[in-house]
Amino acid sequence: MKLTLRVWRQQNAEAPGAMATYEVDGISQDMSFLEMLDTLNEELILSGDEPVAFDHDCREGICGACSLVINGDAHGPERTTTCQLHMRSFDDGDTIDIEPWRASAFPVVKDLVVDRSSFDRIIQAGGYISAPTGTAPDAHATPVPKPDADSAFEHAECIGCGACVAACPNGSAMLFTSAKVNHLGVLPQGAPERETRVLDMVATMDDEGFGGCTLTGECATACPKGIPLPSITAMNKEWLRATRKVHR
Amino acid sequence: MTRTLWDSSVGKKTIMAVSGLIMLGYLVVHMLGNLKIFFGPDEFNHYAHWLRTIGEPFLHYEWALWIIRVVLVAAVVLHAVCAYQLSRRDLRARPTAYVHRKARSSYATRTMRYGGIILALFIVWHILDLTTGTVHTGGFQSGHPYQNVLDTFSTWYGNVIYIVAVIAVGLHVQHGFWSAAQTLGVGSATRDRVLKSLANVLAVVLTAGFVSVPVAVMTGVVS
Amino acid sequence: MSDYTNYRTGDPVADAKAPSGPVAERWDTRRFEAKLVNPANRRKHTVIVVGTGLAGGSAGATLAEQGYHVVQFCFQDSPRRAHSVAAQGGINAAKNYRNDGDSVHRLFYDTVKGGDFRARESNVHRLAQISVEIIDQCVAQGVPFAREYGGLLDNRSFGGVQVSRTFYARGQTGQQLLLGAYQALSRQIAAGNVELHARTEMLDLIVVDGKARGIVARDLVTGKTDTYFADAVVLASGGYGNVFYLSTNAMNSNATAIWRAHRRGAWFANPCFTQIHPTCIPRTGDHQSKLTLMSESLRNDGRIWVPKAKGDDRPANRIPEDERDYYLERIYPAFGNLVPRDIASRAAKNVCDEGRGVGPGGQGVYLDFADAIARMGRRAVEEKYGNLFDMYARITAEDPYETPMRIYPAVHYTMGGLWVDYDLQTTIPGLFAIGEANFSDHGANRLGASALMQGLADGYFVLPSTINDYLARNPHTEEIDAGHPAVTEAVAETEDRLNLLLAVDGDRTPDSFHREIGELMWEFCGMARTEEGLRRALDRIPQIREEFWRRIKVPGKGEQFNQSLEKANRVVDYLELAELMCLDALHRAESCGGHFREESQTPDGEAARRDEEFSYAAAWEFSATGDAPVLHKEDLVFEYVHPTQRSYA
């Protein structure tokens with residue numbers, strides 16, 4: 001396949017950026033999208049240009065590093081991560097626009113690489129269960145009903161890639177935050193910190209400059225792990241419950 | 001708790017949801033009251049008068065109406081202020097648009113902001129037209145709402161403004177009602193269809209009910 | 001320059017920290033004998049932890065909980081992305097919740113045997129003991145393990161064992177365990193006890209007066225190299241499988257931290273012990289950048305076969321039952337498709353070498369679920385393996401419900417690593433290595449679902465107990481002077497290396513060299529090794545290295561975000577580590593576990609160990625690039641599990 005790529009190039013956080021156009025040839029249908037970019041980068045290096053910077057690591061859809069907006073869609077046209085997107089989803093002669101995640105809470109580091117440490121800070125605000133090593137009772141001391149365990153797992157599947165924020169017209173991190181709030185909130189182990197967790201995480205989410213939720217549903221459509229939109233509703237409920245119970 | 005509500009994006013959404021539902025409730029009653037116009041001037045004018053006497057003799061004349069007005073003004077102001085602040089936050093959170101543009105989400109969802117602005121302007125006009133009569137055409141007569149309504153809908157622009165606004169109400173309610181349910185945490189995967197249907201029904205009934213009046217005036221059913 | 005293969009055998013090494021006495025009591029004994037640091041004094045001690053995977057994340061969190069000041073590094077943008085996240089199958093623990101005869105002793109026995117008698121009994125027993133606590137710890141943190149309808153934890157059996165002791169969270173056990181550790185770490189970051197440096201890569205170790213006292217690290221965003229000092233340094237930087245270019249490791253997993261520590265004096269043990277995982281998706285072409293693992297749990301229900309006839313290129317569904325060779329079931333009737341990884345991998349290689357492989361290039365075997373679907377129904381198969389089937393379909397565009405999957409072995413895990421004693425301390429005092437970065441627990445082959453167990457055992461329980469002893473005995477009072485010759489030398493060496501990479505301006509990319517060394521290693525130091533092949537590789541590696549420094553091209557500058565520079569610098573270390581791996585494989589003229597020397601096999605083609613000569617761990621001491629290292633042997637003593645030829649027939 002022969003493709004035209006229009007790629008966002010930006011030297012660093014301060015520099016202005018712009019779309020640059022490249023032609024790539026000899027692309028196989030079996031290549032992953034990132035392998036297609038590898039091909040471009042090998043050519044760029046040999047011609048003395050700087051390769052296109054992009055985040056990637058596991059390339060099996062679980063680490064959450066890859067983060068490209070492809071033709072206006074976070075992670076591209078399929079519901080998966082960029083690394084699991086294959087070139088068979090495109091046609092010979094296509095022009096493909098490749099941009100970084102856009103949100104002021106995710107500033108561009110270089111080219112297609114953004115800084116997502118704001119997500120880490122949301123987790124640091126309360127996305128954990130305080131269980132210092134050595135304090136745990138036997139694993140069977142507290143049975144967890146299977147539906148609750150399954151629900152916890154479904155929310156815990158979030159890979160923290162940030163596609164939800166990238167897709168949201170408001171740059172909101174509600175889906176990310178709600179995934180963790182619901183994962184821990186539904187488990188008996190998470191109950192003691194249930195109220196402070198949701199209040200602190202939502203407050204940090206706001207402080208980091210993410211937008212509010214207008215329930216457009218874009219986040220859930222873009223989520224490669226299928227975290228559902230009702231996750232946000234459940235967090236709103238948690239938040240209101242906590243607001244009633246905790247007086248600060 | 002009040003501070004938490006006001007300081008948080010989720011809290012402001014809650015305020016919007018509650019104030020929106022108050023306004024929605026008012027709209028339903030308002031729409032039903034409007035339909036009295038089909039029973040002729042006497043009944044309609046009498047209904048308008050009765051509104052001022054609700055709660056008597058416990059309440060003084062027009063007190064109930066003023067209580068409702070205060071609550072409504074508070075709801076409108078809170079709704080608008082929260083909407084404004086949240087919108088500013090949203091725009092700040094996403095300052096750079098994607099080069100590759102794509103049409104997104106439903107029409108109603110996307111038009112919440114513009115629809116809200118249209119409605120805010122409409123409310124001002126609507127009050128100046130039919131409550132205070134300040135911008136009314138054809139000689140505003142206090143205590144004769146039937147004639148006043150007829151006057152308004154006898155002008156082309158009166159009809160246009162009103163019908164555009166009513167459609168905006170429909171769209172706003174369609175997304176807003178469902179959205180408020182999510183914000184208040186009453187939505188769930190199983191309840192989603194019911195909520196969405198209810199939102200659609202509310203939107204259609206409100207739009208149809210409100211639009212029926214100018215249509216009736218234009219077609220001469222009400223004269 | 002001396003001949004690299006002409007190595008000298010130095011003094012034998014002994015694991016001085018392992019107590020004697022009954023194996024089941026050694027860990028308690030060691031913990032009791034260890035000196036402690038007064039809780040009030042702990043915050044005065046700084047510990048550097050490199051890496052935030054299962055081992056590093058859990059260690060950083062636990063040390064901080066104990067009161068130490070932790071400075072932690074990861075090259076990823078977030079600690080949550082360490083490659084432990086990709087582990088699929090599960091984690092072993094001797095809970096015996098199934099009442100199927102499991103016990104700490106059985107897990108210990110299975111692991112020593114599975115490792116083909118090349119691991120330390122003391123370490124393995126400790127691992128089995130701690131396995132039980134790990135599950136408790138993770139459940140308390142909210143790790144959503146699979147549960148049964150009664151609300152209790154579910155278990156499954158996993159490659160090569162006959163009890164159900166594997167705890168799992170669908171096909172994402174590694175992710176869930178890692179997020180547990182990450183969240184514990186996040187809690188400590190918020191509390192100010194852990195200072196995290198993300199997107200920062202360790203490039204050298206600082207050794208002052210014979211003790212590890214800090215690291216040189218490069219901020220990958222600004223490109224600036226900086227020094228960080230501490231009272232002890234913990235390497236949790238993972239394995240070195242990426243030497244092979246194609247592996248199931250993440251693209252950025254690398255050997256630099258452990259290799260630079262090795263160059264500074266930490267011995268490297270059993271570098272040739274690499275695990276080739278039998279169930280990976282075969283490569284599709286030269287563009288392939290990495291290989292994707294399919295969980296081994298698939299072997300519980302899938303049947304592996306190839307056509308009986310050579311070159312049979314009919315589609316799988318057209319090959320009648322009696323023309324199929326279910327070779328694992330045929331050769332190993334007792335274990336069938338569940339034989340250990342090394343055996344399953346080699347068997348696949350053998351049938352492909354016979355010309356009976358399937359798919360492009362004949363590099364694949366079928367993993368067939370037709371029988372499972374007929375027996376359990378499609379729904380049940382979907383429920384159990386749905387996410388894996390989806391992943392396979394996405395990558396290959398084939399529907400595994402209709403046509404059998406194609407699989408082929410791929411490099412997956414490295415059992416070798418920095419030599420550590422029972423305290424997980426390397427030969428450099430104050431330098432510890434945990435998780436896959438060390439060599440200690442798996443011997444010559446790792447059993448499925450044991451890597452997660454070891455990473456967390458080291459990080460949550462072992463290191464936090466043993467490092468106390470070191471810190472109590474080495475209460476550093478004086479700060480390190482940035483002008484100390486050891487510091488300036490390490491910094492200068494790093495900067496010179498980076499500058500040289502930028503200055504060569506040749507005509508080959510870092511990836512092209514990585515691919516070349518990887519293909520060489522796969523060919524000669526992969527699933528089957530021969531003296532002749534290893535010697536050829538050892539001849540070739542110095543030539544590639546020489547060519548590298550002549551022809552490498554790295555665009556851009558050093559003091560900026562520069563992924564080519566990162567990559568090139570990692571390849572520098574692969575080009576040295578590869579040589580040591582080949583030498584280790586050459587010197588170990590026996591077959592054991594994942595290390596198969598064709599010269600040493602039984603008449604029916606199984607790995608033949610030579611215990612009289614090779615019952616030791618080989619710890620290599622660095623001398624100079626390209627110069628023969630020094631071999632130190634640590635004799636392995638088996639008091640409880642007596643070496644026998646492994647038999648899975």
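User: How many of the residues of chain C score at least 70 in pLDDT, and what does chain C average?

Analyst: Good place to start! pLDDT is the predictor's confidence in each residue, on a scale from 0 to 100. Chain C averages 95, and 99% of the residues score at least 70. This is a predicted model, in which local features need pLDDT of at least 70 and side-chain atom pairs count only at pLDDT 80 or more, while totals for chains, interfaces and linings use all residues. As for labels, residues are numbered from 1 along each chain as its sequence is written, and chains are lettered from A and ligands numbered from 1 in the order in which they are written.

User: How many helices and strands does chain C have?

Analyst: The secondary structure of chain C comes to 17 helices and 20 strands. These are DSSP runs numbered from the N terminus: helices are H or I with at least four residues, strands are E with at least two.

User: Why is H9(C) called largely enclosed?

Analyst: A residue is buried if 20 or more other C-beta atoms lie within 10 Å of its own, exposed if 12 or fewer, and partly exposed in between, with C-beta atoms placed from the backbone. Eleven of the 13 residues of H9(C) are buried, so the helix is largely enclosed by the rest of the structure. Among the buried ones are Arg341(C), Asp342(C), Ile343(C) and Lys349(C). Across the 649 residues of chain C, 61% count as buried.

User: What do the buried residues of H9(C) pack against?

Analyst: Their partners in chain C are strand S12 (274-280), strand S13 (303-307), helix H8 (327-331), strand S15 (365-368) and strand S16 (405-414). After H9(C) comes Gly355(C), with a positive phi near 90°.

User: How do you know what span is expected for H9(C)?

Analyst: The expected span is 1.5 Å times one less than the number of residues. H9(C) has 13 residues and reaches 18 Å from its first C-alpha to its last, close to the 18 Å expected.

User: Where are the domains of chain C?

Analyst: Domain 1 of chain C is 277-412 and domain 2 is 485-635; such bounds come from an automatic or database domain assignment. Their C-alpha centres lie 31 Å apart. Five residues of domain 1 of chain C are in contact with five residues of domain 2 of chain C, and contact here means that the C-beta atoms of two residues, placed from the backbone, lie within 7 Å. Helix H9 (residues 341-353) gives the most to the domain 1 side, with four residues.

User: Which two chains share the most contacts?

Analyst: Of the two pairs of chains in contact, chains A and C share the most. There, 67 residues of chain A are in contact with 63 residues of chain C. On the chain A side, the largest share, seven residues, comes from H1(A). That side has 31 nonpolar, 19 polar and 17 charged residues. Ala, Val, Leu, Ile, Met, Phe, Trp, Tyr, Cys and Pro count as nonpolar, Asp, Glu, Lys and Arg as charged, and the others, Gly among them, as polar.

User: How many residues do chain A and chain B bring to their contact?

Analyst: Chain A brings 39 residues and chain B brings 34. H8(A) gives the most to the chain A side, with nine residues.

User: How far apart are the nearest C-alpha atoms of chain B and chain C?

Analyst: They are 21 Å apart, and chain B and chain C do not touch.
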